[in-house]
Every structure is written in structure tokens, then in C-alpha cells.
Amino acid sequence: MSLKTLSTGTIHDPDATLLVEFEDADPRNPINFSTAKKWGITITACGFTGITAAAISSYTMGVPTMVDELHCSTFAATVGLSVYPIGFGVVPLFTSSLSEEFGRFPLAPNIQTVIVARFLSGSFGSTGATLVGGTIADIWNPEERGFPMALFAIAAVGSSGLGPLLAGWIESNNHLGWRWIQWISATVSGIYFFGVLLLLTETRADIILTRLARKMRQTKQDSRYHARAETDKHSLFTLIKISSTRPIRLLLTEPTVLSFSLWIGFTWGVLFCFIDSISGEMESIYDFTINQQGSTYVCITIGSILGWFANMYQEVLYKKYVVKKGPEARLCLALVAAVLLPTGMFIYAWTAKPSIHWIIPLIGLTVFMMGAFIIYQVVFVYLADCYGPYASSALAGQSMCRNLLGAVFPLFTQQMYDNLTYKWANMLFALISVAMIPIPFILFVYGAAIRKQSKVSRKILALVEEKRAFEAEKADEA
């Protein structure tokens with residue numbers, strides 16, 4: 001099977017570089033994989049995200065037996081929930097240029113070991129999960145990515161409700177408890193690993209071309225053959241330096257990144273508070289058993305599915321307004337989500353009482369989760385559209401902010417609920433959410449003007465214009 005070569009000089013020039021490229025229909029190019037192979041890779045990759053999300057939330061259902069067996073406080077056990085997103089938010093800044101396998105740690109003689117193991121699980125799991133979006137982008141054309149990316153988002157958010165649903169039934173069995181929640185999670189991960197071996201393959205085109213170019217140098221005994229990635233290759237230290245500093249710089253200096261990161265970060269923090277407190281609230285108000293408490297988390301999954309359907313309509317709105325609004329056309333449904341978030345919180349805060357049926361506060365949680373899912377999906381496509389070649393850094397910055405707030409909030413959840421009661425603590429969250437309603441409206445109206453004041457945005461525009469000029473020149477030559 002032949003490859004296309006482009007020369008930087010004459011073919012007979014010994015100093016020329018022969019750039020290796022795929023032919024248009026080359027099946028080795030990930031974008032040309034068969035549909036069946038693409039879906040096999042997509043579903044397997046999203047499975048990793050789902051397992052990781054379920055592991056985050058299922059932990060909370062094992063806290064009662066963990067406290068009894070390890071003789072620790074509830075707060076100490078809650079730290080195990082918080083350190084997971086810390087690993088998720090911080091570690092990828094330093095490891096996003098590496099390919100690490102994730103690991104599980106089901107054995108623990110004390111709470112300190114549990115906390116360390118949770119941090120390591122979040123750290124290794126984060127590096128794998130961050131590859132899923134890139135994998136989808138590698139194998140699907142832009143106009144085909146909508147459904148695969150939605151599947152990724154469902155796995156990332158919706159699985160947070162399935163974890164406690166299953167863990168609640170495990171915890172309710174006196175012969176199982178918190179250790180079996182971790183053991184079953186590890187078993188599922190082990191089974192998944194065989195799916196990785198069977199279905200996953202390298203999907204980065206430049207990596208594949210680099211390997212093919214290396215093979216051509218060996219078989220042809222000609223050192224001039226190179227892939228483009230080899231001609232502009234940075235050292236590992238440089239990659240780590242860029243991946244660990246640029247996201248923070250964009251987060252602190254770009255108003256668009258900062259405002260959206262604070263909004264999604266607050267939402268994520270509230271979600272983790274709910275994950276930590278739903279079971280306790282259902283037990284104290286409605287006298288739910290542990291398996292019933294776990295079942296209430298299914299509203300997270302239902303809200304995510306409703307949010308996914310809503311985002312299908314967002315694509316219609318985007319196509320309708322993109323010419324007029326540009327990237328801000330991605331925010332149409334975010335305007336609705338800004339209202340859904342506090343509405344769901346108010347319903348949850350005011351209706352969770354013995355005199356009102358338990359389904360009503362859970363409807364409030366579902367409304368909140370629908371808004372949270374919409375924001376989660378919008379933030380990825382909006383920042384990607386706004387920051388183009390720097391999209392991964394902008395998204396890494398918001399991910400760090402989102403996961404750090406998700407880690408911090410549960411640490412004060414129990415104390416806040418003890419001092420303010422569930423009703424007024426959730427009311428406080430709702431009022432803060434109301435104060436954040438203007439964020440998407442301001443970006444929708446003034447987002448383009450705000451970006452024009454940014455040095456990074458002006459640099460991106462210059463790069464885009466340079467790329468267009470190069471492509472036009474290339475077309476004229478052809």
C-alpha cells in the first residue's frame with residue numbers, strides 16, 4: 001500500500017526532506033476507518049469515561065460501612081470523594097503529553113490508604129479520560145462528531161448516577177459493604193481492559209505516519225523520509241511545560257475562559273455536594289433505606305439524557321445563527337440552562353420535607369442536572385470554537401477549575417448542612433446560581449467584542465488568516 005510523499009527540494013537532492021502523507025482513501029488513515037471500526041473504538045473509549053464517572057460517585061454509598069470498619073470520621077471519608085477530582089483536574093496539566101494506563105486500588109487497611117488510592121485512581125483515570133475527546137476527533141469528520149461527542153458527554157455525566165444506583169444495593173448487603181463496591185469496580189475495569197486490547201488502536205494520524213516513515217527509512221535505506229510531526233517535534237520537557245502553564249495563563253487572563261470556568265466550576269461543585277448529600281437527606285427526611293438512597297441518584301442520569309436531547313436542538317439553533325453570531329451561536333441553549341440551574345435548586349430546597357412526596361425534590365434535582373449537562377456540553381464546543389489552535393489549553397484550564405471546585409465543595413457540605421439545614425444550604429446554592437445567570441447572556445451579546453480585546457484571540461485570528469492564505473496559494477498552484 002503506497003504513501004504520498006512531498007519533497008522540500010528536488011527528489012535527487014540528498015538534503016531534501018521527503019514528507020510522508022496518506023493517500024486520500026488510505027484505510028490506514030483513522031478518518032478512513034470503516035464505520036463499524038469507528039463505532040467500536042468510540043463505544044470502547046466512552047466506556048472508559050463511564051467507568052471513571054461511576055467510580056467517582058459510587059464511593060459515597062460505601063461511606064457508612066467504611067466509617068464503621070476503619071474507625072474514621074465521616075469528614076475523613078468524604079476526603080476520599082474530594083481527592084478524586086483533584087487528581088482529575090491537576091494531574092493532566094503535567095501528564096497530558098504522556099500515555100499512562102489507569103489503575104484501581106481495592107485493598108486498604110485504613111482511611112489514609114483509601115485517600116491516597118482515590119487520588120491515584122483520579123490521576124491515572126484523568127489521563128485516559130482526556131484522550132477520549134481527541135480519539136473521537138481523530139476518527140470522525142466534523143459534521144459526524146455530534147452524536148459520538150454526545151455519547152461521550154452522556155458517559156461522563158450520566159454514569160455519575162448509575163454508580164450510586166448499583167453501589168447502594170451492594171452496600172445494603174451485610175456481607176458485602178464498601179470494599180465490594182471497589183472490588184466490583186475493579187472487576188469491571190479488568191473486563192473492560194480486554195475490550196481495549198481487542199478494539200482500540202492508535203488513532204492519531206501523525207503518530208501512524210511517524211511509524212510508517214520510520215519503517216520506510218529502514219526498508220529503503222533512505223534517511224530523508226519523515227512525517228510532518230517529526231520535523232517540528234518538541235522535547236518531552238517542553239510539552240509538559242506548555243501543557244502545565246498555558247492552561248493556567250488562559251484561565252487567569254482570558255475573560256471568556258475565566259467566566260465560563262467559574263460558572264461550570266460552581267455547577268460542578270454543587271453537583272458533588274449533591275452526590276455527597278442526597279443519600280443523607282433522603283434518609284433523614286424520608287427514612288429511605290440504603291438501597292433506596294442509591295436509587296435516587298438515577299435522576300442524575302435522567303437529567304443528563306434530557307440535557308442530551310436538548311442539545312440536539314442546540315445544533316439546529318447553531319446552524320441557524322452561526323453566520324450572524326459566530327461562536328456565540330453555541331450559547332443559545334446555555335441561556336435556558338442558566339435559568340434551569342437555580343430553578344432546579346429552588347425546587348429541591350423547598351420541597352424536600354416529609355409533607356411533600358419524595359418525587360418532587362427529585363424532579364428538582366433532575367431539572368438541575370438537565371441544566372448542568374447542557375452547560376457541560378456547551379463549554380467544550382464554545383471554547384473550542386473561540387480558541388481554535390489553543391482549544392486544548394483553554395479546555396484544560398476550565399477542567400482544572402471545574403474539578404478543583406468539585407473537590408473543595410464536598411469538604412464543607414456536611415458542616416454547611418448541619419449549620420444551615422438542607423433547605424437553607426440548598427437555597428444558598430440557588431441564590432449564588434441566580435447571581436451567575438448574566439454570564440451566558442453577557443457572552444452571547446458581547447462575547448465577540450470581549451475577544452477582540454484579547455492578545456490571544458488576535459493571535460488566533462492571525463493564524464487562521466495565515467492558514468487560509470496558505471491553502472489558497474496551494475489551491476492556485478494545483
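## A bend in helix α17

The bend at a residue is the angle between axes fitted to the seven residues ending there and the seven starting there. With that in mind, look at α17, where a kink of about 75° is centred on Tyr 446. Helices here are DSSP runs (H or I, at least four residues), numbered from the N terminus.

This is a predicted model, in which local features need pLDDT of at least 70 and side-chain atom pairs count only at pLDDT 80 or more, while totals for chains, interfaces and linings use all residues. Residues are numbered from 1 along each chain as its sequence is written, and side-chain values use heavy atoms, with hydrogens and water left out.

## Which residues of α17 are buried?

Buried means under 20% relative accessible area, with a 1.4 Å probe and protein chains only. In α17, the buried residues are Ile 439, Pro 440, Leu 443, Gly 447 and Arg 451.

## Thr 296 in helix α12

Now find Thr 296, which lies in helix α12 (residues 290–296). Thr 296 counts as buried because its relative accessible area is 4%. Apart from neighbours within four places in sequence, Thr 296 is in contact (heavy atoms within 4.5 Å) with Ile 278, Met 282, Phe 288 and Leu 362. One of these, Met 282, is 14 residues away in sequence and 8.4 Å away in space, C-alpha to C-alpha.

## Thr 366 in helix α15

Another threonine to visit is Thr 366, in helix α15 (residues 359–387). Thr 366 is buried too, because its relative accessible area is 13%. Setting aside neighbours within four places in sequence, Thr 366 is in contact with Cys 299, Ile 302, Gly 303 and Leu 306.

Notes:
Helix = DSSP H or I, 4+ residues; strand = E, 2+ residues; numbered from the N terminus. Buried < 20%, exposed > 50% of the residue type's maximum accessible area, 1.4 Å probe, protein only.
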